Structures are given as C-alpha cells and as structure tokens.
Amino acid sequence: MMPERFVAAFAGDDVRTVAEARRWARRTLTASGLAEDTVCDALTCVSELATNAARHTRSGDQGGTYQVLLQVHSDHAHVEVVDQGAAHAPDVRLGGGESGRGLWICAQLGALSLVCTGGGRRIWVDLPRSVGAVVSSPSAHITDRSAD
Ligand SMILES: Nc1ncnc2c1ncn2[C@@H]1O[C@H](COP(=O)(O)OP(=O)(O)OP(=O)(O)O)[C@@H](O)[C@H]1O
Ligand SMILES: [Mg+2]
C-alpha cells in the first residue's frame with residue numbers, strides 16, 4: 001500500500017512562506033514517524049526547493065504559488081516542490097561562488113530528480129530513512145529535457 005501523500009500550497013510572492021512550509025513539513029513528517037535526523041534533512045530540502053520556487057520561477061510572481069508534497073515510505077522520505085515554471089532550467093552543479101549551492105546540497109542529502117510538467121517543474125529529493133544511513137554515492141537523476 002502506498003503511504004499517505006501530504007500536499008500544501010504556499011504563496012510564492014512572499015519568501016516568508018518558506019518558514020511556514022518548513023513548520024508544516026516538520027509537523028507532518030514528525031507525525032508520520034520520521035526520525036529527527038531525517039526530518040532535519042527534509043527541512044533543509046524544503047527550504048532550498050521552496051526558496052528556489054519563490055526566487056527563480058513564476059511561482060514568485062504576484063499571486064503565484066508553489067506546492068510542497070511529502071510522503072514517508074518505509075525506506076525513504078520523499079520531499080517535492082512543484083513550481084509554476086521558468087524560462088531557464090535548474091542548475092545542480094556546484095560553482096565557486098557563494099550562491100548556487102542549494103540544489104547541490106539537496107543532491108548530497110539524497111537522490112535529486114526533476115521533471116517538467118505542463119506549466120512548471122517538479123523537483124524532489126528521496127532521502128534515505130534509516131538512522132545513520134550514509135548516502136555513499138549521492139546522485140542527481142536529471143530528466144529535465146526541456147526548459148519551458
Ligand atoms: N525551480 C527552478 N526552476 C528553474 N530554475 C531553477 C529552479 N531552482 C533553481 N534554478 C536555477 O538553478 C540555479 C541553482 O539553484 P541553487 O538553488 O543551487 O542556487 P541559488 O538558488 O542560485 O543559490 P542558493 O545557494 O542561495 O540556493 C539557480 O540560480 C537558478 O538559476
Ligand atoms: Mg537556491
């Protein structure tokens with residue numbers, strides 16, 4: 001049986017909603033029985049992906065929204081953000097600058113994937129669940145073939 005899927009929408013034109021998304025995610029994941037260390041990794045991903053939706057996509061335009069989806073499986077926790085699209089594609093590579101680290105950090109924590117949808121993009125991280133688990137080969141599975 002598939003675990004329950006939790007979804008919430010947040011206003012993208014106010015980055016203060018990222019803190020709101022984190023609070024919702026903490027409550028939801030803790031109530032789902034996820035261990036604290038994985039909850040912390042999940043909140044890092046919620047922060048980075050939600051901030052990106054607000055800063056880099058049409059979700060950040062006036063009246064724009066982004067969605068956060070959470071699902072706790074037996075062996076991993078799924079953290080996903082759905083945005084309203086951008087003219088450019090996400091860049092997961094780590095550059096030398098102070099910014100451009102968010103997606104790279106997410107890809108160190110779990111398996112990062114992204115895909116274009118009709119008018120936007122879904123980006124998710126599958127975080128290993130077992131306590132103390134080490135991601136031996138962090139990977140980014142890029143299936144994003146077309147910028148919208
Ligand atoms: N959801 C998205 N849709 C389209 N482009 C995105 C999206 N998320 C990120 N990007 C692009 O990928 C780049 C890298 O994102 P990343 O989160 O790693 O760094 P950043 O947001 O620029 O800086 P920070 O280190 O503060 O997160 C961004 O600069 C942006 O151009
Ligand atoms: Mg970012």
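**A first look**

Visitor: What is the mean pLDDT of the protein?
Guide: This is a predicted model, and its mean pLDDT is 90, with 88% of the residues at 70 or more.

Visitor: OK, on to the ligand. How many residues surround ligand 1?
Guide: There are 19, and the closest are Asn52, Ser99, Arg101, Gly102 and Leu103.

Visitor: Which elements give two or more residues to that shell?
Guide: Those are α2 (36-56), α3 (102-109) and β5 (121-128).

Visitor: Which one gives the most?
Guide: That's α2, with 4 residues.

Visitor: And what's the shell like by class?
Guide: Around ligand 1 you get 7 nonpolar, 7 polar and 5 charged residues.

Visitor: Back to the helices: at what angle do α2 and α3 pack?
Guide: At about 150°, and their axes are 9 Å apart.

Visitor: Why does α2 count as roughly antiparallel to α3?
Guide: Because an angle over 145 degrees counts as roughly antiparallel, and the angle here is about 150°, α2 is roughly antiparallel to α3.

Visitor: Is the crossing left-handed or right-handed?
Guide: The crossing of α2 and α3 is left-handed.

Visitor: Which residues make the contact?
Guide: From α2, it's Asp41, Thr44, Cys45, Glu48, Leu49, Thr51 and Asn52. From α3, it's Gly102, Leu103, Ile105, Cys106 and Leu109.

Visitor: How many of those are nonpolar, polar or charged?
Guide: The contact of α2 with α3 has 6 nonpolar, 4 polar and 2 charged residues.

Technical notes:
Residues numbered from 1 in each chain as written. Chains lettered and ligands numbered in written order. Predicted model: local features only at pLDDT ≥ 70, side-chain atom pairs only at ≥ 80, totals over all residues. pLDDT = per-residue confidence, 0-100. Near = placed C-beta within 6 Å. Nonpolar A, V, L, I, M, F, W, Y, C, P; charged D, E, K, R; others polar. Axes fitted to C-alpha atoms, helices over the stretch in contact; angles between N-to-C directions. Parallel < 35°, antiparallel > 145°, perpendicular 65-115°, else oblique. Left-handed = near helix turned anticlockwise from the far one by under 90°. Contact = placed C-beta atoms within 7 Å.
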